[in-house]
Amino acid sequence: MQLSPQMFEPLQHDGTAAEELGRPALGYWQDVWHRLKQNKLAMAGLITIFLLAVMATIGPYLSGYSYDAQDLTRVNQAPNAAHWFGTDSLGRDLFTRVWYGARISLGIGIMTSVICLVVGVIYGGISGYLGGRVDEVMMRIVEILYSIPFLLYVILLMVYMGPGLGSIFTALGLVYWLNLARIVRGQVLVLKEQEYVLAARLLGASTMRILLRHLIPNTMGPIIVTMTLLIPEAIFTEAFLSFLGLGVSAPAASWGVLASDGLQGLRSYPWQLLFPAVFISITMLAFNFVGDGLRDALDPRMRK
Amino acid sequence: MIRYLLRRLFTMTVALWLIITITFAIAHSIPGGPFASEKKLPEAVKKNLEERYHLNDPLWKQYTDYLKNILHGDLGPSFKYEHQTVNSIIKSNFPVSATLGSLSICFSLVVGMLAGVISALRQNRWQDYLAMVLATLSFSVPSFILSGLLMYVFAYQLGWLPPAMWGTWQQAILPTLALSALPTAFIARLMRSSMLEVLQQDYLKTAKAKGLSEYAVIIRHAIRNAILPVVTYIGPLIATVLTGSFVVESIFAVPGLGRWFVQSVSNRDYTVILGVTVFYSAFLMLMNFLVDIAYSWIDPRIKLTDSKEV
């Protein structure tokens, strides 16, 4: 058989087709989300947090009782058809109070986290970006504050400011921002040497713009992880403060207040402790799972 | 090394001064002063009290006196209990706290490391899962709730252990358990991950290849290196146990300093709150300092230097 050039057909080399065979192009956050979805614990945590948030919103209205309505004819009742979680020593419906407490506890967690975000990002960002002497002084201050046992410091602040939501936000916010400031500073210190920052500066961008538009968004990963893990810690600390009698004031109640009230009647009415305890624990677990999952998902070394 | 130590000492001194100043400032800006209460005191009594506690001196003099007294180790009187000073309170109550604290620290180190090593050696088997589920659970329960649950189950329902007070060894079990649950869980997780890392190192293969028994490899070579992260955790561990003791001592009626501190918070006994805060802060800083030194001594690869962390 004679071979002729007509018998051959050159294969068209198509660059775009080759590209398509690879995995679909994913943005950074899509990629993170993709990996987070594969983490069952983290997803369970996310769903739990969502459910808790929904219940915190509608829960207090479901039973028909108000969180501060006392009924002295029905004190310390065990869970029953009328009061699903029973009643406390003043005859208040525990179901309503648990979900009302969820609002306050979750609110404290989230607010603290946000306050720390703002303070920590500004402080750490400035320290890392300016560098040099300023950085030295700012970090030395953080180091000194770090060596103060923070729970004692929170207690002192609370004693000074008196119980209440505002004082809790302030005290927790004043204490927990340190970690975030350190993380942001570390990240900014690395990122500011990158070419795109130089390019931005060359184009005449101001320091503030470079920080807020270019550097901070790139440090979002570790910041989000720290914030997620800060929420359960703040709820924990608030519960501790409530135990010391430094929590939110009556008739308002966080989970911590409910639990430490429940502790009083533990011997005869254990459910008064059990219900808030269970929800605190579920919340801790959920946020910790999500935080750990996020950390794994954001770590580029895990990228397959 | 010397430079590092000096710098640490300097930081500690500044921090301590800061704490003292903050506590002082807070004590003197609390509305109403220490003798404000529901019952109105007669003007003359109030004046006498203020005279006695030097509250009508100018502020700067009170401040320098306070500093001077602290330098001499005197934390001042209690405003609520006339015959007690902060020093005498610390002296009579701290030993109990120290005993309970040491018990908890030993317990959490021993049990935590044991659990960590076992779950690393039995990775992904039931021993591992059991240990890690337990650890995760104790992470998610605040200590006062755990104390309550322990008391309910073991003292009220089962009746095995006394629910409160201090003195016999039975009375020490529940508080120790409650206080060490969280650090034990933390140490177990720490030990497990560092053990897993060490187990993959080449020098362990060498040790096995030269014919050492499994037991010798793990005890002599693996654990010795895996233990290092746990040593760094000892500083925070002491802090956790210390603050945990506030809650646990109050619930189990252990007559320690933590319980006293909680009572002073609810009594608003300011000098005691401030004095104990200063005492605890100094104590914790000193402990952290010692742990740091111990760490560099245990692991000669660690050089304590001035290097800038990134």
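The largest nonpolar core has 147 residues, a nonpolar core being a set of buried Ala, Val, Leu, Ile, Met, Phe, Trp, Tyr and Cys residues joined through C-beta atoms within 7 Å. Buried here means that 20 or more other C-beta atoms lie within 10 Å of a residue's own; 12 or fewer make a residue exposed, and values in between partly exposed, with C-beta atoms placed from the backbone. The residues with the most contacts inside this core are V98(A), I155(A), A259(A), I280(A) and V276(B). The element that gives the most to this core is α12(A), with 15 residues.

This is a predicted model, in which local features need pLDDT of at least 70 and side-chain atom pairs count only at pLDDT 80 or more, while totals for chains, interfaces and linings use all residues. Residues are numbered from 1 along each chain as its sequence is written, and chains are lettered from A and ligands numbered from 1 in the order in which they are written.

Two residues are in contact if their C-beta atoms, placed from the backbone, lie within 7 Å.

The contact between the chains takes 34 residues from chain A and 33 residues from chain B. On the side of chain A that touches chain B, two or more residues come from each of α5 (132-146), α6 (150-161), α7 (165-191), α10 (220-243), α11 (255-264) and α12 (271-298) of chain A. Of these, α12(A) gives the most, with 7 residues. By class, this side of chain A has 26 nonpolar, 6 polar and 2 charged residues; Ala, Val, Leu, Ile, Met, Phe, Trp, Tyr, Cys and Pro count as nonpolar, Asp, Glu, Lys and Arg as charged, and the others, Gly among them, as polar.

S140(B) lies in the loop between α5 (126-139) and α6 (143-157) of chain B. It touches S281(A), M284(A), L285(A) and N288(A), again not counting residues up to four places away in sequence. S140(B) counts as buried because it has 21 C-beta neighbours inside 10 Å.

Within chain A, α12(A) also packs against helix α3 (residues 40-62): the two axes come within 8 Å and cross at roughly 135°. Axes are lines fitted to C-alpha atoms, for helices over the stretch in contact, and angles run from 0 to 180 degrees between N-to-C directions. The helices α3(A) and α12(A) are therefore oblique to each other, since angles under 35 degrees count as roughly parallel, over 145 as roughly antiparallel, 65 to 115 as roughly perpendicular and the rest as oblique. The contact of α3(A) with α12(A) has 11 nonpolar, 4 polar and no charged residues.

Chain B has 12 helices and 0 strands, where helices (H or I, at least four residues) and strands (E, at least two) are DSSP runs, numbered from the N terminus. Its C-alpha trace spans about 85 × 60 × 30 Å along the principal axes, and buried residues make up 35% of its 310 residues. Helix α1 (residues 2-29) and helix α3 (residues 59-71) of chain B have axes that come within 11 Å and cross at roughly 135°. The crossing of α1(B) and α3(B) is right-handed. I20(B), F24(B) and H28(B) of α1(B) make the contact with L59(B), Y63(B), Y66(B), L67(B) and I70(B) of α3(B).

Key:
A crossing is left-handed if the near helix is turned anticlockwise from the far one by less than a right angle, and right-handed if clockwise.
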